Amino acid sequence: MDGSICTQQAKVVWDKIRADAEQAYDRTSACSFTSFVGYEYTAMAANGRCADSDLLPCWDNAQDNAVPNVPDATTPSASCPSRASCDCPSGQPCIKNFTGNSGADNLHRNVIFRNDDVIDQPISNIEIPLGCGSGTGCTSTPHWPVASPAVMLQGLKDQCINNPQKPRCDVLTIPHNPNMSRGSMFILPDNTPDGLTEAQLRHQLEPLVEITQIKGQSECRFNAKTGMAWTNPPDELCDFENEGFARLGGAAAGYLTADMQNQDTIPPRSYVRNTLENGIKYAAENGINPFQLGFVGALDNHNGTPGQSDAEQYAKSGAHGIESFAVSAEALNERFFLGIETNAGGLAVAWAEENSRDAIFTALKNRETYATSGTRPIVRFFGGPNVPKDICTKGDFAARGYANGVPMGGTLLGPAHTAPRFAISALMDPGWPGHPGTPVQRAQIIKGWVDAGGQTHEAVYDVAGNADKNAATDMVDLRTCTPKGGGMKDLCTVWTDPAFDPTQHAFYYVRILENPSCRWSQFYCNARGVDCSKPMGTCRSEGHASDGRGCSSNAECGGGVCTLPDSYEEFEYRQCCSGIVPQTVQQRAWTSPIWYTPS
């Protein structure tokens with residue numbers, strides 16, 4: 001078969017997507033709803049792993065090594081006789097049997113077009129796969145490194161942006177779920193002409209990254225149980241909605257327990273903060289930043305319910321249309337890929353001039369966006385040496401921010417004679433009737449920079465508000481999930497970098513933290529009537545003194561049966577009351593960074 005039937009069917013689906021997007025788009029002056037033509041590029045690679053400290057993905061001459069993480073006897077690659085694998089620069093072998101190999105490296109990207117002038121047919125991983133390595137079986141030209149999107153991005157550019165037959169066509173791609181890419185999503189291009197071409201393509205066509213979604217957040221990582229940090233210094237607030245799978249589609253047997261989660265099983269390249277640092281380091285050396293990424297959030301719940309990020313609703317519906325949330329206890333199983341470690345998903349916010357395709361697409365391309373973990377705070381962020389010190393007190397915050405600085409997603413160009421000031425405004429999620437929003441606790445600025453020796457650094461600054469010394473359970477009523485305690489309805493502050501060096505590449509982004517609130521899992525336990533202050537069930541033992549007594553097992557019922565209510569199963573009660581299932585969460589927002597580039 002030549003694949004023509006598949007191509008024809010793909011065209012039918014693509015035309016239907018285009019028609020549906022057009023039907024949904026409100027072109028009247030009301031601007032009530034904006035839709036985009038887009039699709040998902042779903043590359044998902046079962047790569048091997050180089051058996052060295054770089055942990056690069058590989059496939060050439062991959063071996064099914066007998067001992068996990070230990071290569072068998074090395075055999076030279078047929079394509080690169082001087083190496084065990086063409087894909088491993090160190091010359092080390094490519095191994096398939098390693099800790100955390102369950103599933104495949106997620107390399108998915110959302111492809112979004114500016115308007116209805118789009119390519120004739122989507123470019124998929126079938127027509128243009130991501131870089132497949134350097135072995136003899138690689139059919140891409142040139143032989144790009146494993147996981148490189150260069151050929152796919154160039155294809156989009158040729159068929160859309162540079163296509164004279166489509167003068168209005170414009171496109172961008174958004175890498176998503178990098179936390180499950182096992183570090184393959186953001187491998188730095190090398191310092192070669194091909195590497196610089198890839199860096200330029202990524203800089204132009206990949207302005208954003210999905211920083212959070214139902215299968216975990218991708219900002220940064222911290223393991224509170226072991227103290228393992230993926231940042232330096234450790235950032236304990238990175239212990240937030242992390243998954244125990246390093247790859248997409250992992251099986252229960254491949255789940256990484258807390259003591260198995262480290263920088264070998266989950267490479268730092270899987271996280272956005274590390275990637276931003278790698279990007280400015282590359283820019284300092286090569287003059288172009290391949291990872292100048294603004295932030296968006298998303299659901300990815302496969303339920304066809306855009307914007308449904310409410311924790312209480314997620315406790316009812318779950319993700320991917322699976323029945324487990326409705327009829328069984330799988331929702332609370334940490335080893336189930338779509339179980340307890342998922343979350344209700346995130347949201348993307350774009351500061352656009354109007355609710356139209358052109359305006360929103362421009363905001364996306366300019367990185368003037370922020371992400372939330374599912375709630376709806378309103379956040380502004382401006383930076384520059386001329387940002388007024390009194391911007392928070394004189395009114396017209398946004399107008400004065402634009403007039404005197406750059407917004408989130410912007411770049412400050414050197415030389416700078418004074419340290420830039422950064423202005424932050426945040427309004428709490430107002431909620432809706434019967435569903436109160438949660439007050440804002442504090443604002444932080446996260447800074448990353450590169451020193452003269454090429455070493456990357458980072459720092460986290462509390463710039464407004466304070467960490468509450470009360471326990472999370474003191475900030476929310478776990479039975480009703482209504483907020484209690486302090487917090488702020490709004491905050492505004494101006495901050496100046498105390499360690500600014502005008503010769504160093506740097507980035508700054510804002511993290512807004514709300515007070516703790518009920519996680520979806522607490523809504524789940526509450527909805528099933530689980531009360532951890534009471535025994536699991538009631539003894540049913542006719543004629544015995546234990547009849548009607550509370551119990552946790554049949555052994556406590558004198559030969560009778562410990563009967564549970566109809567509303568929950570034993571596994572659900574034990575999970576809800578064991579401490580395994582989180583009761584609270586600290587929802588947050590992340591603004592796109594503002595970059596500083598020296599002259």
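**A tour of the model**

Modeller: Let's begin with an open sheet of four strands, which has the order 17-16-19-24 and antiparallel pairing. Keep in mind that this is a predicted model.

Colleague: Thanks! Which strands stand at the edges?

Modeller: Strand 17 (406-407) and strand 24 do. Each has a single partner strand, so one side of each is left without a neighbour in the sheet.

Colleague: And how many bridges pair strand 16 with strand 19?

Modeller: Seven bridges, in the antiparallel sense, with strand 16 covering residues 378-384. If you want a spot to look at, V379 stands opposite A426 in strand 19.

Colleague: Got it. How about parallel pairing, which strand runs parallel to strand 13?

Modeller: Strand 9 (residues 208-213) does, and four bridges join the two. There, T212 stands opposite G297 in strand 13.

Colleague: While we're on strand 13, which residues point which way?

Modeller: G294 and V296 point one way, while F295 and G297 point the other. All of these are buried. In general, side chains of a regular strand alternate between the two faces of the sheet.

Colleague: Nice. Switching to aromatics: how many pairs are there?

Modeller: The count comes to 19 aromatic pairs. One of them is W495 with Y508, an edge-to-face pair at 6.4 Å centre to centre with 65° between the planes.

Colleague: Where do those two sit in the chain?

Modeller: W495 is in strand 24 (residues 490-496) and Y508 is in strand 25 (residues 506-514). The pair links distant parts of the chain, with the two residues 13 apart.

Colleague: Why do W495 and Y508 count as buried?

Modeller: The cut-off for buried is under 20% relative accessible area. W495 is buried because its value is 11%, and Y508 is buried because its value is 1%.

Colleague: What about F507 and Y509, how are their rings arranged?

Modeller: They form a stacked pair, 6.3 Å centre to centre and 10° between the planes. F507 is buried at 0% relative accessible area, and Y509 is buried too, at 1%.

Colleague: Let's move to charges over rings. Which ring does R528 sit over?

Modeller: The charged end of R528 sits over the ring of Y524, 3.5 Å from its centre. There is also R588, which lies over the face of F240 at 3.8 Å from the ring centre.

Colleague: Is H302 buried or exposed? And R367, buried or exposed?

Modeller: H302 counts as exposed, because its relative accessibility is 54%. R367 counts as buried, because its relative accessibility is 10%.

Colleague: Now helices. How do the axes of helix 2 and helix 3 cross?

Modeller: The axes of helix 2 (residues 150-161) and helix 3 (residues 193-205) come within 10 Å and cross at roughly 55°. The two helices are therefore oblique to each other. Helix 2 passes helix 3 in a left-handed crossing.

Colleague: Last one: where does C169 lie?

Modeller: C169 is in the loop between helix 2 and strand 8 (171-175). C169 is buried, with a relative accessible area of 7%.

Colleague: And how many residues apart are C169 and E285?

Modeller: They are 116 residues apart in sequence and 33 Å apart in space, C-alpha to C-alpha.

Technical notes. Residues numbered from 1 in each chain as written. Predicted model: local features only at pLDDT ≥ 70, side-chain atom pairs only at ≥ 80, totals over all residues. Heavy atoms only, no water. Buried < 20%, exposed > 50% of the residue type's maximum accessible area, 1.4 Å probe, protein only. Phe/Tyr/Trp six-rings, centres within 6.5 Å; stacked < 30°, edge-to-face > 60°. Lys NZ or Arg CZ within 6 Å of the ring centre and 35° of its normal. Pairing = 2+ DSSP bridges. Axes fitted to C-alpha atoms, helices over the stretch in contact; angles between N-to-C directions. Parallel < 35°, antiparallel > 145°, perpendicular 65-115°, else oblique. Left-handed = near helix turned anticlockwise from the far one by under 90°.
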